[in-house]
Amino acid sequence: MADTTHAFISYAHQDAIIANELQKQLTFLAEKGKGKTFLGCFLDTKSIPKGQRYEPIIRSGLEQADWLIAIFTGDQSVYCGYEIGLYSVINPNADKPIICLHDVDKSGLPAVLDGYNTAMITQVSPYATNGPIPSGSELNLWWDSAVGLFLREFCKTKGLYTPEHCDNPSEYTVDIARAARNISYAFELARQEDEKEETPVQASFEITINPQLEGELTRVPEDSVLAGTSRAFDILGLNLPLSLSGNQAPQITWGQLRKALAQSDRANVPWLDKLEVDVVLAAARKSPKADDVTFKGRRDNRIYRAILTRHKLFMNGKRRFFVLLVETFDRRFVGDPQTSLLLIALTLASRWRFTFFERWNETLRQFDDSLSDEDFQDSCRQLEYNMEWMEHEGIELGADDMDAMVEAFGFENKARVQRFYTDWDKAKKDLKARMPQSFEGLKPEIRAQTRDAVIAFLTAIKKQNAEFLKLCIDRYGEKIRSNPGC
C-alpha cells in the first residue's frame, strides 16, 4: 500500500455535502487512473466506528495521510486547528501538503492556516446537473481554476491519475475540469440554507448598553449606542451618515438622540422617557408598564409606538435591547363623516373626563406636597404620557382637522368649536412655559411652581371639557334622532 494516496478531509459537519462530493470526485479520478483501491479518504463520519474513541483514530489517520484537505465556508470545525497542528508536527516536511478549499476571502480563514497556499473556490461558469461535459473556454477555465490546479497536484503526488493513463490526452483534461466543476458546485449547494439578505419590514433599532461598573441599571447611559434602520431614523427626522463599507447600520448615542429630539423649552421626550423606563424594567427582569405613549413622525406626521421586543444579556455584562417603531392603524370611524367626527369628539372629550376629572380629588392628590420627590416626578411624567397619547389619538381619529370638525358641529357652533382648539393650545403652551425643562432633581421652589402650573392647566381644561362634552352629547344626540333609520 506504499503507493496508495491517503487524503485526510477536515470539515465542519455543516459542510458534509462538500466533503462527500470531494471524496466522490477523488474516487472518480482514482478509478480513471491506478484504481480506487489506491486511494484512501479519511472522513470522520465514515472512518470512526461507533462507540470508539476518536482521538487515537484521528491521529492514526493523520499519520497515514499524504494530504490534509481542509474545507472552509465560514464555519470552522472544532477540530480543524487540532488536526492541522497535529499534522504539522507529525509531518514537519513540505512533502505532505496542507490545502484549504474555501469560498470565503482569504482574510477570513482561520489563523491556523496562515502561511499555507490555499485554493479559493469560484464559480467560473454556470452549472447544470444535467449539463454537458466541459469543453472549449469552459474546459480551460475549470482546468486552470484553483481547485483544478489542486486536483492535478493531488493526482500527480503518487501517480494516482496522470495523462499517461488515458488513450486520448484530452480525456485527462476533461476529467480534471469536470471534477473541479462538481466540487465547486458542492460549495454552492452547501450554501443553499445561508441567509442571502435581510430586509426589515418595520422600522427598528437596537440599544447597546456597555457593562455597568457598579450597581443596577437605573438610566440608559448617554454613551449607549443606538443602531437602526434608515427608516427608523427617517421617522425620527434624523439624517445619519451611512457606513462607507456598507456593512454598518446608522448609529447615534442615546445622549445625542435625546438632544436631537428635545425641544428648546423641554428636555423631556415622553415616548423616549417611557422607553427608558421599559429598558430599566427589562434589565431588572420586570414587565414593562402598560402606559400607551405615542409620538408623531417628524417627516410623515404619522403616529408611532416604540415597542420593546427583546433584551439580551451577554456574559461580559453588556446588554442589547431591540425596539420596533410600529405605525398605528387608521382608527377613523367609517360611515357618514360628520356623524363620525361628532362621535370622535365625544370619545376624546370622554377620555379626558375619565382620565382626569371624574375622580378630581384623586387627580389633585397625585401632585400633593405630601408626595416624595420620586412619586411627584412620576406623576408629572404620567401627565405628559397621557397628554401625548390623547393628543395623538385625536390625530389618528382625524380630530386635528378643525375645519372638518366645525362643519360636523354646524355653523351655529363654529365659535365654540374654534375656542376649544384655541383654549387647548393656549393651556398647553402656558403649562410648558411654567414647567422645568426636566423633572429630575426638582428643588422645593421649582416643585411648587410645577405643581401650580399643573393644577392651573387641569382646572382650565376641566371647565372647558365639561362644556364641550355637553355640546358633543347634544349634537350627537340630535344627529342620531334626525336619522330616520335609527
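How many of the residues of strand 4 (residues 98-102) are buried? In this predicted model, five of the five residues of strand 4 are buried, and the strand is accordingly described as mostly covered. In a regular strand the side chains alternate between the two faces of the sheet. In strand 4, Ile-98, Cys-100 and His-102 point one way, whereas Ile-99 and Leu-101 point the other way, and all of these residues are buried. Cys-100 counts as buried because its relative accessibility is 1%, under the 20% limit that defines the class.

Strand 4 has pairing partners in both strand 3 and strand 5. With strand 3 (residues 67-72), strand 4 pairs in the parallel sense over five bridges, and in this pairing His-102 of strand 4 is the bridge partner of Phe-72. With strand 5 (residues 119-120), strand 4 likewise pairs in the parallel sense, here over two bridges, and His-102 stands opposite Met-120 of strand 5.

Antiparallel pairing is found in an open sheet of six strands, arranged in the order 8-7-6-11-10-9. Its edges are formed by strand 8 (251-253) and strand 9 (294-296), each of which pairs on one side only. On average, and with direction ignored, neighbouring strands of this sheet are turned by 30° against each other. Within the sheet, strand 10 (residues 303-313) and strand 11 (residues 319-327) run antiparallel and are joined by nine bridges, with Leu-313 having Arg-319 of strand 11 as its bridge partner.

Two helices pack on this sheet. Helix 10 (residues 270-283) touches strand 6 (203-209), strand 9, strand 10 and strand 11, and its direction makes about 20° with that of strand 10. Helix 13 (residues 373-397) touches strand 9 and strand 10, and its direction makes about 55° with that of strand 9.

The structure holds zero disulfides. Cys-166 is in no disulfide, since the nearest cysteine sulfur, that of Cys-155, is 10 Å away, whereas a disulfide requires sulfur atoms within 2.5 Å. With a relative accessible area of 11%, Cys-166 is buried.

As regards confidence, the protein averages a pLDDT of 86, and 92% of the residues score at least 70. Confidence is highest in helix 1 (residues 16-32), at 95, and lowest in helix 2 (residues 44-47), at a mean of 82. Where pLDDT is low, the predicted coordinates should not be read in detail.

Note on methods. Residues are numbered from 1 along each chain as its sequence is written. This is a predicted model: local features need pLDDT of at least 70, side-chain atom pairs count only at pLDDT 80 or more; totals for chains, interfaces and linings use all residues. Side-chain values use heavy atoms; hydrogens and water are left out. Two strands pair if DSSP finds at least two bridges between them. Helices (H or I, at least four residues) and strands (E, at least two) are DSSP runs, numbered from the N terminus. Axes are lines fitted to C-alpha atoms, for helices over the stretch in contact, and angles run from 0 to 180 degrees between N-to-C directions. Contact means heavy atoms within 4.5 Å. pLDDT is the predictor's confidence in each residue, from 0 to 100. Buried means under 20% relative accessible area, exposed over 50%, partly exposed in between (1.4 Å probe, protein chains only).
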